[in-house]
Amino acid sequence: CAPKKCNGSLMQPSNMVCDPRDGKPSVESVRKLAKDFIDQYFASMKRRNDSEAHGARLDEVMNSIDSTGTYELTKNELIFGAKTAWRNAPRCIGRIQWNKLHVFDCRKVTSTYEMFEAICSHLKYATNKGNIRSCITFFPPRNDVKTEFRVWNSQLIRYACYRQEDGSLVGDPANLELTELCERLGWKGKGGRFDLLPLLLQANGEDPELYELPSNLVLEVKLRHPDAGQEWLEKMNLKWYAVPAVSNIMLNIGGVEFPGVPFNGWFMGTEIGRDLLDTARYNLILPVAEAMGLNTKKTASLWKDKAILELNIAVLHSFQDDNVTIMDHHVATESFMKHFSNEMKLRGGCPGDWVWLVPPVSGSATPIFHQEILNYTLNPACLYQPDPWHYYKWKDSVMKKRKNKLHFKELARSVLMTSRMMTKAMANRIKATILYASETGKSYAYSKSLQEIFNHAFDAKVVPMDQYDICNLEYEALVLIVTSTFGNGDPPENGEYFFVTKIIYLFGPSIAENTYVIKIYLSGLLFIELKHRKKAETKRRFQSVATATPMSRRVSTKQNSFSNDIQSSTQGVLANVKFAVFGLGSRAYPHFCAFAHAMDTFLGELEGERLMEIGEGDELCGQEESFRRWAQEVFTSACDTFCLREQVNLEDANASLSTSKFERTDFRVVVHDKQVQPNVIKTLGTMHRKKLSSCRLIRRKNLQSEESGYILFSRSTILIQLETKNCENLNFCPGDHLGIYPRNDPDLVKELLSKIRDATDENTVVVLEAKREKRSIIGNLKYWEEDTRLPPCTLNMAFSRYLDITTPPTPQLLKLFSECDVNQEESKRLEVLSQGQSEYEDWKFLNNPNLIEVLNQFPSIQLEAALLLKQLPLLQARYYSISSSPEIFPGEIHCTVSVVTYHTRGGTGPLHHGVCSSYLNSITDDEEVACFVRTAPTFHLPLKDNIPCILVGPGTGIAPFRSFWQQRLAEIRKGAHNGCTMALLFGCRNPNHDHLYKQEVAAAMKEGAISHAYTAFSREKGKPKRYVQNVIMSEIPDFVYDIVHEKKGHFYVCGDVTMATEVNKTLLKILCIKGEMTKEKAQEFINSMKTEERYHEDIFGVTLRTYEVNRSVRLKGKEKSESLSHK
């Protein structure tokens, strides 16, 4: 517009038009747009101040522009640009959905046939059986008008128009020119009012080619009126297509022009009404009025208004009755006003063309009519471009000379392209990202199985959470998460970094630098920022999950209605991401699958689309079966969501979950050229992606008397003192954990080697090789390549330090065993177990068999080394609470270890030994121990030393508290601590046999590090059983209440899950009695203690009562599973 002229009503104002005939844009203009776009992109990721990534990308783009005049957008930049262009489109009323736009990246197509395949996939995805989804397909950008890719149709679905001999028109006059062009190119229509036009596609600047759309891809709605007695409309035989896919708009994203970008949203009812009634279109207003019996002789009768209104009512009714997405103009305008308000808050403006946004019906009854809106353009932008036949220069010489009777090269017509071809084309583009977080490797194994089934229809990849770039998350199409839960509801270590950085990424680095603790609350979860008390760097950590939104209180996003979705004021960051989560855990812990629930709730609150409810796998009951069922269901749901269900063989896909990709002929073990083994510590660090340190034993001390023991167990608790000099990575605080990579029992390793038929001697260094294949000019070449899973080593070393031989084999491994020349009887039994159902779960729980016991049970298995080296899980680290303070024992690190020994089958089976505890009980001072520290910031002493503490730790639960009182001793001896309440509650079986650190506790009390010490003995002769919870309730309830409630002290619990649960219940009772609280109020108080980091738990699962506890929990789990299966 100019001061004396308004161009607001022009169809194509100059600022919204890009005409390729005007020549290529200047390098300077492209540079300007590119810089602005790259700045926008990085700002959207909260990375604009990241000089390294932002600056490097900007330099790369500018260098490319200077040398070529343009640059290539990354996939994420393309998605961001497409969504932002829609967000900026001033004439679109449905922009509130901009963040839910699905992008198909087809920039690599080279022919019209590939374009046609992509368009078919686009329409199939968009139509979605009537539940229309907005999506856009990108063909290659314009480098030169002579080589551009374009769709000549204005929309992918359009009706033809035929000029009759008398000059009248049949069909849609808007498409007359295109219809005549198609006819000149050989297409013959049927002459009807609603004949589908073929697609006219141009690739790489070549002459366009015709392709007819398969009829099964075009959803049409027959129009009828909702009221009885209105048969006039059905007699008119009117219909309209469901998907408005605009294909003649050009997108300019940061100076890169895309002339071929089919895009669709969904219809607003008045659009279809205008198409049928406008004089320049079907011009049916008079026939409709006459069919209705209206008086058309007087305009004062408002017959036009009545006809328009009734037809619009019919359109809405017909679409809604056929379950096809459509908006009425009132809902559309209200949603736009919400979008407008939100944009004003977020961006300070919202471009809009008032003339276009006000509906053609009842305009003044909508809120937009009364809203002043500025009309301007922003980049990325949606722009008009002239119809290509107005400027295209035909390459066919006959087309140039003869305009009426044309001859041309043979048409590349495609008649009803098969659904399987379309499905394949689409699946090649849809990525499924599988993220996993694991402590033991189980989640990784399940993720690989999930990859197998999803590769039947998707391009699936498995990524550990700590290696995933969180900036890609909002650009994903499908995300699947498989995660375990560590300890008391915490994430596995490689999931912790992912979750916290996600919070920082999504909500920005608004961190108060002068505070020690920064808390961020979301979904009932707590994240914390901790600054190290003595160091400047910041460590981000995840607080234990006290609660997660349960399924009973959470509505699946899959069930959200379209009307609620379109009327929401904002779209979440993950609005266009489909996701599903599977959690692994043990119901023996109170916060079962808590981290998985946290992930599921969080992704849902960011408005990701939940494909199905969270899956849960209990290691004590039916975990394999639960995972298999969940994987099959989520795969089916994903196929339905992405319109792939019809042509995917679900039976074959589901079967892949119970089979392994291992082929015996594709792997072999050979003697390595260099008979030297790499350093074990370095190798373990590389395999597990950890910074490991090498420690040596200083001293090992048995903390129990020789008389300690009972029927099934020879009980032993030892203090391990390791030397840490020159170990830079072993800095720790009291309360942290020490991770140790153990060694398998040498006797088990020796017996296993005796059962491998191709085993080498114990000193021969071997390597696992895999058969690979590559293409060459003479055909496919097969060759052997070293497998990178394990380093060159002896078989003895592999089974001693690298591979897990004590965990019960998985169903997949049992399946492979059944194929190792096993006799018929044993093969049948292995086949049954390999199904992973109840027979397997019962067998695993009862026997808990190690690999050697399985081979003894099935002696006919002919085992080869390659199978085990490739398929056995890696030997994982074990964690122990650190039992020393670096202030008291510099250069050392101590652990309190219960040496685990037990008989399987409830005490009647073979004797098993704990892998790591037995290893630590047998090492010598010349052996290297592979160690690392896992920080536990939620189990540290209070930052202020005058805050009272209560420490509850029966048995080896006393381990971290030894480091606590040693730390207090160090501070007292320095004069930095004046003494404060630190009460210790210790429990054991017998005061004469099991009272760990009795003398040390007495000495610490003498120096003032421990103020109170209480004991509970469960097997003291002549006295009733007493546990720590009994002491709390009967002897010191007033003291406990005063510390936790009145003095806001800290309450620490360390030990097995059963004890921790009972202590929690006891504290709840004390609060109810002493604080005169209701049970609900008392629980709220305990929850607040956890939120304030005053209630600390360090819970472990392996105890002397593991079998009894697990059996009880497993029975409850089976009862729950059975009850669910009957519903």
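## The annotated cysteine

Cys92 lies in the loop that connects helix H3 (75–88) with strand S1 (102–105); helices (H or I, at least four residues) and strands (E, at least two) are DSSP runs numbered from the N terminus. The model is predicted: local features need pLDDT of at least 70, side-chain atom pairs count only at pLDDT 80 or more, and totals for chains, interfaces and linings use all residues. Residues are numbered from 1 along each chain as its sequence is written, and side-chain values use heavy atoms, with hydrogens and water left out.

An unreviewed UniProt entry annotates Cys92 as "binding site"; such annotations may be inferred rather than shown by experiment. Cys92 counts as partly exposed because its relative accessibility is 21% (buried is under 20%, exposed over 50%, partly exposed in between; 1.4 Å probe, protein chains only). Beyond neighbours within four places in sequence, Cys92 contacts Trp86, Phe336 and Leu357 (contact: heavy atoms within 4.5 Å).

## Nonpolar cores

The largest nonpolar core has 101 residues, of which Leu450, Phe454, Phe458 and Phe635 touch the most other members. A nonpolar core is a set of buried Ala, Val, Leu, Ile, Met, Phe, Trp, Tyr and Cys residues joined through side-chain atoms within 4.5 Å. Helix H4 (residues 112–127) supplies the largest share of this core, 8 residues.

Apart from this core lies another of 52 residues, including Leu752 and Tyr802.

## The chain overall

The protein chain contains 35 helices and 39 strands. Of its 1127 residues, 55% are buried.
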